Amino acid sequence: MFIRAVKVKPTSPLTFRKIPFSHKTIESYKFIPPTTLSGFLYRLKLLSEGNPLPSPAYFKKNNVNLVEYYCLETKENIVSLGAYACSKLQEPAKFSSVRMGYQVLKSGHSLGIDIKLYDPDYQQVLQLIHKKIDEGKLDKGDLEIFEEEAKKGDAAYLKGVYQKLLNDEKDIPKYSTFNKEERRAPLDWEYIIAENFIGLVVASEEEKLYWLEDIENYSFKLGKEGYAFIAEVYPIRELYFTEGEFESSTIIPLVAQYDFDDDKTELSEIKGPENLYYLQPETGIKKELFGEPGSKARGEYFSYSVKGDLTLNIPKTLIRRLSHGFIS
Amino acid sequence: MPRINLDIYSIVEATQELHFGNQKDLNVNRIELAKITTREGEEREKLYMSPTKVRGVARRALLYKLNELGDENVKSCGMPATCGKCDLCKLFGGLSTTSGGEEGAIASRVFQAGGVAIQEATPDIKQRLSSPTYLLEDGVTSYDQKKIEEHLKKIGIKSGTSRLSKPMPYEKEYVQASALFPIYWHSHLLDPEKGERKMSEPQMVAFSFLEMLKRIGAGHPKGAEIVHEKWLKDEKEPMLVVDIYIEPLGKRPVISPAETDIKAAFEEFTSKALKSNNVEGKFERYLGNEGEQLLRNLASGEPVSSQFIA
């Protein structure tokens, strides 16, 4: 197996949203999760080739069909291990701020408490309804409904109906379906700041990692919040493992899942741990606990001398866990 | 014409105190601060002009401008309830989650970054008070709480009259004037042709960036300006870099958020800004006055000298 590292340089503070999701706080991991890095690098590949970006799909199913995902594992047959701050001195700093959430606290149509750009009056709404009737999108019955409902409503109701009709709503919303009172919830939003992250990708053949040198200096949005570019692409290295005690520079699986006859890694100090989703061909997505970077273990690891005194310790168990089913 | 990428790198100065709100402690309005780790491994807090706030101000400016220019679709849009259909949503992104209606998302193609101040400074705390001012019938008189309360009741205000007639001083934190913030914008795959739109996409990016500078800051005072220095020649010009490109062939002038020395930060920005090659058909970089001229012409729909924009 072969490995290649890239230097991911943020141009802004970042957020990688932790699971389980909450509507009150948004917490961030202190590293770039393997799945996030995978999508990011694949997107940069498309940009560097001048290819269009895939349009966002709206996933509503519970069963994950991996083929629908645009990432390195499904499209390029290589595996992302995530990206990590390369030394203790460069561990990301975290801070948290108040941000206004998008969700209103009740369901239903919004009375449009957002900024008032355009306030239609009763006549203007009628005109729009007549226009929609001429286009065949509404009928006379809808006009009668509006005339009744407008007696109960007010300027906010008129604006709400106008906006809905401009957005091709098929019926006149009734006044009762509008919220009379709503507040947007403030969130505690966590950000991390770091100068660099070292991203890691593994493959079974060296040739599969060649294209990474073409994405140098390419950039895009990364994570839930933030932006980054590839500042440097390092040479490809072959993987080999040494056995001993080590401090992991990456996340490390806590639970031995697979029956590997030579997998005897034991953790002596667990930082975190963190719940994380990763890709797996059988179930699509799996959630598991991982020790954070800085966890200590005894077992097999790759001591990766990236450049100069920049060295990363990568546990064999992580490589095995994330590449299982994708590459051998 | 092919779709283009447009990056703006700038160092922006708070030309007077600014308030970027975070949360309100009891009687103190706090500003948002960013935490960084220095190269020695210590944590510090720095003044912060959050890119999310920059984005909100810019998007709002565009919303008003498109409406002013006669865009009909944008009337259905707003913040935070984006419509997902207008030209603004197609560039800045939109999320539509009305149950029963059309659900979908458009990814943004313009991103705001940077915002961590260069110099180390703590927030200024000032005391503020809103002094009551009303037009009373007996002309200009000295402040009299009872008279004001009667006046308020007369004009129909029934509750809260004691609060409106006798204000409480409160404290407010500010970013100090002269704080320097690197602000970066990145935008991708912009359509240089105007087509059916009221503004072309590069025009929308340039316009909202410049407008945002005037309006940034919660409440009042508002406004920041690109800092002017003798960074390219012996004449002050804005510390601004504008890249228009198909392939990113220039070194990005990004300042480390851990840097606290202004001179060192300016040197980092300058040396990186000068490392690029204007390659025909692939990459153009505009520095200083040239960059500002380009953005202003672009924003107002005037012709520009770029090979990538008609």
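Colleague: Which residue in β10(B) is the bridge partner of B:Asp124?
Modeller: That's B:Tyr174. Strands here are DSSP runs of E with at least two residues, helices are H or I runs of at least four, and both are numbered from the N terminus. This is a predicted model, where local features need pLDDT of at least 70, side-chain atom pairs count only at pLDDT 80 or more, and totals for chains, interfaces and linings use all residues. Residues are numbered from 1 along each chain as its sequence is written, chains are lettered from A and ligands numbered from 1 in the order written, and side-chain values use heavy atoms, with hydrogens and water left out.

Colleague: In what sense do β9(B) and β10 of chain B pair, and over how many bridges?
Modeller: Antiparallel, over five bridges, with β10 covering residues 170-174. For two strands to count as paired, DSSP has to find at least two bridges between them.

Colleague: What's the strand order in that sheet?
Modeller: It runs β2-β3-β10-β9 in chain B, an open sheet of four strands with mixed pairing. β2 (21-25) and β9 (124-128) each have a single partner strand, so one side of each has no neighbour in the sheet. From one strand to the next, the twist averages 25°; axes for that are lines fitted to C-alpha atoms (for helices, over the stretch in contact), with angles from 0 to 180 degrees between N-to-C directions.

Colleague: OK, cavities. How many of 30 Å³ or more does a search of the whole structure find?
Modeller: Two. On a 1 Å grid over the protein atoms alone, a cavity is a set of points where a 1.4 Å probe fits but cannot get out, and lining residues have an atom within 4 Å of a point. Points are joined across faces, edges and corners, and a volume is the space filled by probe spheres set on them.

Colleague: What's the volume of the largest cavity?
Modeller: About 180 Å³. It is lined by 20 residues, with A:Thr11, B:Val254, B:Ile255, B:Ser256 and B:Pro257 nearest its centre. The elements giving two or more residues to that lining are β1 (2-10) of chain A and β11 (180-190) of chain B.

Colleague: And how do the residues of that lining divide?
Modeller: Twelve nonpolar, five polar and three charged. Nonpolar covers Ala, Val, Leu, Ile, Met, Phe, Trp, Tyr, Cys and Pro, charged covers Asp, Glu, Lys and Arg, and the others, Gly among them, are polar.

Colleague: What about the second largest cavity, which residues line it?
Modeller: Among them are A:Pro34, A:Glu73, A:Tyr278 and A:Phe326. The volume of the second largest cavity is about 50 Å³.

Colleague: Last one: where is A:Met1 found?
Modeller: In the segment before β1 of chain A. A:Met1 is partly exposed, at 28% relative accessibility. Its C-alpha is 4.5 Å from that of A:Ser204, 203 residues apart along the chain.

Technical notes. On a 1 Å grid over the protein atoms alone, a cavity is a set of points where a 1.4 Å probe fits but cannot get out, and a pocket is an open set with protein on both sides within 12 Å along at least five of seven lines; lining residues have an atom within 4 Å of a point. Buried means under 20% relative accessible area, exposed over 50%, partly exposed in between (1.4 Å probe, protein chains only).
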